Amino acid sequence: GELASEALRQGNHQVVEMSYQRTKDFDRLSFLYLITGDTEKLRKMLKISNMRSDIMGRYHNALLLGDAAERVKENWHLRPYGRGIIRWWR
């Protein structure tokens, strides 16, 4: 929201983090942890994605962490969806 945008503009990443947590904006929160170098919290975001059964969130966090094994595992889960999209597109 507006609070996060203004805090980000001012460089106050603690307020940005709190705002993203309260609004459950997981993608932006993960990216914030990436740009601030907080890999410990980024790993927690991967665990949260697992608990939420969020396949794309897991892949996104694994990608940001550089976790190749986790990405391969998520690609395996995403494979049926990708084939369906390709079949529909043809």
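The model is predicted, so local features need pLDDT of at least 70 and side-chain atom pairs count only at pLDDT 80 or more, while totals for chains, interfaces and linings use all residues. Residues are numbered from 1 along each chain as its sequence is written, and side-chain values use heavy atoms, with hydrogens and water left out. Helices are DSSP runs (H or I, at least four residues), numbered from the N terminus.

**Helix 3 and helix 4**

- Helix 3 (residues 26–36) packs against helix 4 at an angle of about 155°, and their axes are 9 Å apart. Axes are lines fitted to C-alpha atoms over the stretch in contact, and angles run from 0 to 180 degrees between N-to-C directions.
- Helix 3 is therefore roughly antiparallel to helix 4 (an angle over 145 degrees).
- In the contact (heavy atoms within 4.5 Å), Phe26, Leu29, Ser30, Tyr33 and Leu34 of helix 3 meet Lys41, Leu42, Met45 and Ile48 of helix 4.
- By class, these residues are seven nonpolar, one polar and one charged. Ala, Val, Leu, Ile, Met, Phe, Trp, Tyr, Cys and Pro count as nonpolar, Asp, Glu, Lys and Arg as charged, and the others, Gly among them, as polar.

**Helix 4 and helix 5**

- Helix 4 (residues 39–51) and helix 5 (residues 55–65) have axes that come within 8 Å and cross at roughly 160°.
- This pair is therefore roughly antiparallel as well.
- Thr39, Leu42, Arg43, Met45, Leu46, Ser49 and Asn50 in helix 4 meet Gly57, Arg58, Asn61, Ala62, Leu64 and Leu65 in helix 5.
- The contact of helix 4 with helix 5 holds six nonpolar, five polar and two charged residues.

**The nonpolar core**

- The largest nonpolar core has eleven residues, among them Ala4, Val16, Tyr20, Leu29, Tyr33, Leu42, Met45 and Leu65. Such a core is a set of buried Ala, Val, Leu, Ile, Met, Phe, Trp, Tyr and Cys residues joined through side-chain atoms within 4.5 Å.
- Helix 1 (2–10), helix 2 (13–23), helix 3 and helix 4 each give two or more residues to this core.
- In soluble globular proteins, nonpolar side chains tend to be buried together.

**Two residues**

- Leaving aside neighbours within four places in sequence, Tyr20 is in contact with Ala4, Leu8, Asp25, Arg28, Leu29 and Leu32.
- Ser49 lies in helix 4 and is buried, with a relative accessible area of 4%. Buried means under 20% relative accessible area (1.4 Å probe, protein chains only).
- Not counting residues up to four places away in sequence, Ser49 touches Asp54, Gly57, Arg58 and Asn61.

Conventions. Angles under 35 degrees count as roughly parallel, over 145 as roughly antiparallel, 65 to 115 as roughly perpendicular and the rest as oblique. Buried means under 20% relative accessible area, exposed over 50%, partly exposed in between (1.4 Å probe, protein chains only).
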